[in-house]
Amino acid sequence: MIDRLDPRSVTIDWSSVATSALSVFVAVIVAYVIYRIVFRIVDKVAHLSDTHVDEILLARIRRPIKWSFLAIAVTVAAQTDPALREWWEPLARFLRPALLGWVAYNVVRGLTAVMELRMADADPVASRSRRTRIAVLSRIATFAIILITIGLMLFSIPSVRAIGTTMLASAGLAALAIGAAAQPALKSLIAGVQVALTEPMRIGDLVKVDGDAGRVEEIHMSFVTVRTWDERVLVVPTSRFLDETFENWSRLDEALTGTVFLHLDPTTEIAPIRAEFERFVETHELFDRRNMGLVVTEAYPESIELRLTVSSQTIGDLWALRCAVREHMMDWLRENMEDALIRHRLEVPGGHPKAGEAAAP
């Protein structure tokens, strides 16, 4: 028979508890003072620079560094106090990887913010390219830091470590199973890296996917968000931009050439229309004077097709210019060349005799 433990037989060494508490208190105070002194010196050095890069990075890492100072102080105090070491070490094995991951995570976030700040005055095309690489690579680094941190924290638990050791005994089968299960995630991860390196599209590019055109807002490892002109958001798998064809309208710059089509009567005289088109476009503020032309591209028995070509510096300006050209030319044709507009009429001179008989009472 196992004798029950009598609670009254358990004695607490209050002097040892008081000593451990005092050690922790002194260690924390000393660590906090050292932290304040160190960061005061670092802040003064950072203020001497002409940019705000140092301040941004320090603001990101200040909190995790402070708690790391306190954890190191308690660890040092535990080395001289066996009672304190007995309860602190199991907790420290869990906190150390957490604090290390927190510091690494904030360093990545700080470097990302610094790089984005430096791109504020850069060329728009180069800025989109760098923002895309920074966004994708920072997300990959963040994912890796979180994954490694959680793994180290879990392996600090003895029961979890024992399970991991057992799984490593059958590493071959486990690798096959994990590889099969993680294939979509690995494909997305590789696709994200490829997008960051090859840059088929960048943040801010205007792309056309499945007939919808929109701006690339975010590029993640697994998906890309595209916002269309009517404020819809398309969520497209990242791997799709590598496996399938899509249109990128701002790959190098946003200077594009657009077209306006007019379908007119086959007897229409082209020269006056061309002259009015060129006069209007030459005086329009959105025209960049690169491309302009009017040609007859098709001739059908009942109509002809005119292609009016214009160019502009940005995609938005090109859209507005095309709409203005279309509206102006239609108004001008109605006022000056009304016969050029196509009409489909059915005329029955005098009416049909049977229709008149049917209408009579």
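This note sets out numbered points on the predicted model shown above.

1. Basis of the note. The model is predicted, so local features need pLDDT of at least 70 and side-chain atom pairs count only at pLDDT 80 or more, while totals for chains, interfaces and linings use all residues. Residues are numbered from 1 along each chain as its sequence is written, and side-chain values use heavy atoms, with hydrogens and water left out.

2. Largest pocket. The volume of the largest pocket is about 620 Å³. Its lining comprises 20 residues, and those closest to the centre are Leu206, Ala213, Trp249, Ile315 and Trp319. A pocket here is an open set of points on a 1 Å grid over the protein atoms alone, where a 1.4 Å probe fits, with protein on both sides within 12 Å along at least five of seven lines; lining residues have an atom within 4 Å of a point. Points are joined across faces, edges and corners, and the volume is the space filled by probe spheres set on them.

3. Composition of the lining. Two or more lining residues come from each of strand 1 (206–209), strand 2 (212–219), strand 3 (223–228), strand 6 (256–264) and helix 10 (315–336). Helix 10 gives the most, with five residues. Helices (H or I, at least four residues) and strands (E, at least two) are DSSP runs numbered from the N terminus. By class, the lining of the largest pocket has eight nonpolar, six polar and six charged residues; Ala, Val, Leu, Ile, Met, Phe, Trp, Tyr, Cys and Pro count as nonpolar, Asp, Glu, Lys and Arg as charged, and the others, Gly among them, as polar.

4. Nonpolar surface patch. A patch of about 1000 Å² includes Leu22, Phe25, Ile34 and Val45. Patch residues have over 30% relative accessible area and no salt bridge, and nonpolar side chains (Val, Leu, Ile, Met, Phe, Trp, Tyr) are joined within 5 Å. Areas come from the Shrake-Rupley method with a 1.4 Å probe, and for residues only the protein chains shown count as cover. Isoleucine 34 belongs to helix 1 (residues 14–47) and is partly exposed at 41% relative accessibility. Buried means under 20% relative accessible area, exposed over 50%, and partly exposed in between (1.4 Å probe, protein chains only).

5. Salt bridges. The count is ten salt bridges, each defined by a side-chain nitrogen of Lys or Arg within 4 Å of a carboxyl oxygen of Asp or Glu. Arginine 232 pairs with aspartate 212 at 3.3 Å, N to O. Because arginine 232 lies in the loop between strand 3 and strand 4 (233–237) and aspartate 212 in strand 2, the pair ties together parts 20 residues apart in sequence.

6. Glutamate 276 and arginine 279 meet in a salt bridge at 2.7 Å, N to O; they are three residues apart in helix 9 (residues 270–282), about one helical turn. Glutamate 276 is buried at 10%, whereas arginine 279 is partly exposed at 46%. Arginine 290 and aspartate 288 form a salt bridge with their closest N and O atoms 2.6 Å apart; aspartate 288 is buried at 17% and arginine 290 partly exposed at 38%.

7. Backbone points. Most residues other than glycine have a negative phi. Glutamate 231 has a positive phi near 70 degrees; it is found in the loop between strand 3 and strand 4 and is exposed at 63%.

Definitions and conventions. Patches are made of residues with over 30% relative accessible area and no salt bridge: like charges are joined within 9 Å, nonpolar side chains (Val, Leu, Ile, Met, Phe, Trp, Tyr) within 5 Å.
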